[in-house]
Amino acid sequence: MDVTKFLPLDLFAGRVVFVTGGGSGINLGIASAFAALGADVAICGRSADRLAGAAEQLNGFGHRVLTQVADVRDAEQLAAALDASERSAGPADVVVCGAAGNFVAAAENLSPNGFRTVVDIDLLGSFNTSRAAFDQLRRTRGALLFVSAAQAYLPFAYQAHVGAAKAGVDSLMRNLALEWGRYGIRSNSIVPGPTAGTEGMRRLGDVAGEETWTSMVPLGRYAELEEIAAMAVVLCSPLAAYVTGAQVIVDGGQGLSGSALFNNAVGTALDKMPDAVPDRVPDAVPADAVSGTR
Ligand code: COA
């Protein structure tokens, strides 16, 4: 899908869009859609090399492109990145909190630091970004967009850390919609389904298998990056001027089919790994084996 066929080329002309995690995947797809519709784009991430590659792609749209190296877990780095972006391009009209981390791990094998790392990147990182962007967004009466996940509202096995983090992100999104509406700031999230060409799907697709994912999606296929990005730009545009506090699901219907196929596929894959839990109960747990019934 090419958003420029459906939306005016100057929809974001003269606007500044700041995207965390913008060096790759869905976030780069979102940054590209904004740039295609006239925006100046600042992308922020941990790897200067990755940002440089992404900037080359974004430069093709002919608008200003800035790169800022910062780790969203570090509030001071984030504030410095947003300040630098404002000094070069002006205050942000749109801020996308997209930086995220993910891996599959059984909860009983997950270290406290592993759990905290994902919560820190996704949730604390989203807070740090929105908090640091507040002053700019207040002046532009701008929009915040969080990149959430189905794990926020549906438990997926081996994703306890991700579920906690993304549920927190959606809660933060709603809180900020409530508190910052009076400043004219809108706050929404999108929930992408399995999306082709992203690191997240490389990680989850490798373990669960592509067929597992596509059979979980009523539309029967992965999303294209552009399909996720299209909803992102609409939500941050005047077309959604009265939309705030919304969790918008863009998943081909995947959330409707639950997570059982994923849970079984990943469970089988993890069982074959060297650090598999040895005494996993494979079948149903009999009633008289439940604690307190003997
Ligand atoms: N299984 C279990 N634990 C894991 C893990 C895995 N596959 N990968 C990392 N961890 C744990 C580490 O063991 C460590 O905990 P410990 O100190 O108790 O051993 C903790 O997570 C931090 O790992 P580290 O590699 O130091 O963190 P990082 O900040 O460099 O990396 C991650 C962050 C872990 C999220 C990493 O996967 C990452 O950088 N991902 C970025 C991209 C990404 O995930 N994209 C997908 C977006 S959906």
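Throughout these legends, buried means under 20% relative accessible area, exposed means over 50%, and partly exposed means in between, with a 1.4 Å probe and protein chains only. The model is predicted, so that local features need pLDDT of at least 70 and side-chain atom pairs count only at pLDDT 80 or more, whereas totals for chains, interfaces and linings use all residues. Residues are numbered from 1 along each chain as its sequence is written, and side-chain values use heavy atoms, with hydrogens and water left out.

**View A. Gly181 in the loop between helix H5 (160-180) and strand E6 (186-192).** Helices (H or I, at least four residues) and strands (E, at least two) are DSSP runs, numbered from the N terminus. Gly181 is partly exposed, its relative accessible area being 39%. Although Gly181 and Thr244 are 63 residues apart in sequence, they are 8.0 Å apart in space, C-alpha to C-alpha.

**View B. Arg141 and Tyr158, two residues with positive phi that are not glycines.** Arg141, with a phi of about 55 degrees, belongs to the loop between H4 and strand E5 (143-147), and is exposed at a relative accessible area of 58%. Tyr158, with a phi of about 65 degrees, lies in the loop between E5 and H5, and is buried at a relative accessible area of 16%.

**View C. Helix H3 (residues 75-89), with its buried and exposed residues.** The 15 residues of H3 should span 21 Å at 1.5 Å a residue, and the end C-alpha atoms are 21 Å apart, which agrees; the expected span is 1.5 Å times one less than the number of residues. Leu78, Ala81, Leu82, Ala84, Ser85 and Ala89 of H3 are buried. These residues cover an arc of only 160 degrees around the axis, and therefore lie on the same side of H3, the arc being that of the directions from the helix axis to the C-beta atoms. Glu76 and Arg87, on the other side of H3, are exposed. The cover over the buried residues of H3 includes strands E1 (16-20), E2 (40-45) and E3 (65-69) and helix H4 (112-140).

**View D. The crossing of helices H6 (residues 199-208) and H9 (residues 260-271).** The two axes, lines fitted to C-alpha atoms over the stretch in contact, with angles running from 0 to 180 degrees between N-to-C directions, come within 8 Å and cross at roughly 75 degrees. H6 and H9 are therefore roughly perpendicular to each other, a term for angles of 65 to 115 degrees. Leu204, Val207 and Ala208 of H6 make the contact with Phe262, Ala265, Val266 and Ala269 of H9, where contact means heavy atoms within 4.5 Å.

Conventions:
Parallel < 35°, antiparallel > 145°, perpendicular 65-115°, else oblique.
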